[in-house]
Amino acid sequence: MSAPSLTPSKAARVRHAQPPVGGPPRRGGSFGRSLKRNLTAHGFLIGAVLCFAFFSWYPMVREFFLAFQKTDQGEVSWVGLENLQTVYNDPAFWQAWRNTALFTVLALVFGFAVPFVVAIVINELRHGKGYLRLLVYLPVMLPPVASVLLFKYLYDPGYGLLNEVFGFFGLPEQQWLQDPDLSMLSVVIASTWMNMGGAALIYLAALQGIPGELYEAAELDGAGLLRKIWHVTIPQTRLILSLMLLMQVIATMQVFVEPFLLTGGAGPEGSTTTVVYLIYQYAFNFNDYGAAAALGLLLLVLLAGVSAAYVKLSRAEDE
């Protein structure tokens, strides 16, 4: 009696039911190959984490402890809120905060609006956009010290170019960096010229992402240039504008290089003394690292509060 024959479907089921030769595949080998393939990526990731930990996270943690400590002849002792009281009772404390707030407001007026207007103008042009982008971004590529020294030459009361221009038009010469009423404005102008290139390119990229149909529809409704900017451009770039506003507030609250190089830090009658410059004085002029850390901690708390408020408002608008 012959054995029953298998139909093709039954034969296929039998072949699939048989275990593979050599047993099931080993998962360890697959994990090893995956780890070896991604070893370079893991190495770069570990390096980045170590850099952040050493240069960013550790200094913040160290600053927190220094704010409540005092070092006297190499001996460290806990002093509680004494460093905060020392900073608060300093006559330059409130002046530094007022000057920093004034710089932030003026920088927002010039440094926030001017790059946006420049980006709109470049975006509206049909020719030469690449050259204009390079021209706008060129000040960012220059070393900050070189840019500040350039403006120091322009502001010079004796042979400065600005006073030469003023004299040509019959206007009175100004003491740009020596006058307490003009020193902060002069610093803001220099800072705006030095840093507006990056913001202008970011705005330009956002403008180029706006669909042209929106502008065409606005033109059909009879909208002019200003109405198109108000009803189309600004709403379409609202996210970028709000993010850049936050980043500029954080950056301007930490201004140091421009007033330090232009006016020596304090400026005439302390008119350009900022919070970060006061921190510099505590640390490197007075050797009081506890007070410097305490003032830095106050600035950190303020900027963290501004960032938290921005995140909360952004979530509220999204909902």
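Which residues does UniProt list for "transmembrane region"? The unreviewed entry gives 39–58, 101–122, 134–155, 182–206, 237–257 and 289–311. UniProt positions follow the numbering used here, feature names are shortened, and annotations may be inferred rather than shown by experiment.

## Ground rules

Please keep in mind that this is a predicted model, in which local features need pLDDT of at least 70 and side-chain atom pairs count only at pLDDT 80 or more, while totals for chains, interfaces and linings use all residues. Residues are numbered from 1 along each chain as its sequence is written, and side-chain values use heavy atoms, with hydrogens and water left out.

## The overall picture

The protein holds 15 helices and two strands. These elements are DSSP runs numbered from the N terminus: helices are H or I with at least four residues, strands are E with at least two. Of the 319 residues, 33% count as buried (buried is under 20% relative accessible area, exposed is over 50%, and partly exposed lies in between, with a 1.4 Å probe and protein chains only).

Accessible areas come from the Shrake-Rupley method with a 1.4 Å probe; for residues, only the protein chains shown count as cover. Among contacts (heavy atoms within 4.5 Å) with a separation of 6 or more, 63% are between residues 24 or more positions apart.

Residues 39–58 are 100% helix and 0% strand, with 26 Å between the end C-alpha atoms. For residues 237–257, the chain is 76% helix and 0% strand, and the end C-alpha atoms are 31 Å apart.

## The hairpin and its salt bridge

Strands β1 (residues 69–72) and β2 (residues 75–78) run antiparallel and are joined by four bridges; two strands pair if DSSP finds at least two bridges between them. Gln 69 has Trp 78 in β2 as its bridge partner. Two residues sit between the strands of this hairpin, where Gln 73 takes a positive phi near 55°.

The structure has two salt bridges, a term that asks for a side-chain nitrogen of Lys or Arg within 4 Å of a carboxyl oxygen of Asp or Glu. One of them pairs Lys 70 with Asp 288 at 3.9 Å, N to O. This pair links distant parts of the chain, 218 residues apart: Lys 70 is in strand β1, and Asp 288 is in the loop between α14 (275–285) and α15 (289–318). Lys 70 is partly exposed at 30% relative accessible area, whereas Asp 288 is buried at 17%.

## The other salt bridge

Glu 219 and Lys 228 bring their closest N and O atoms to 3.1 Å. Here Glu 219 is partly exposed at 47%, while Lys 228 is buried at 15%.

## A nonpolar patch

Leu 150, Tyr 153, Tyr 159, Leu 161, Val 165, Phe 168, Phe 169 and Leu 171 form a nonpolar surface patch with about 870 Å² of accessible area together. Patches are made of residues with over 30% relative accessible area and no salt bridge; like charges are joined within 9 Å and nonpolar side chains (Val, Leu, Ile, Met, Phe, Trp, Tyr) within 5 Å. Helices α7 (144–154) and α8 (161–168) are the elements giving two or more residues, and the largest share, three residues, comes from α8. Tyr 159 lies in the loop between α7 and α8 and is exposed at 52%.

## A buried threonine

Thr 274, in the loop between α13 (257–263) and α14, is buried at 2% relative accessible area. Leaving aside neighbours within four places in sequence, Thr 274 contacts Ala 96, Thr 100, Val 255 and Pro 259.
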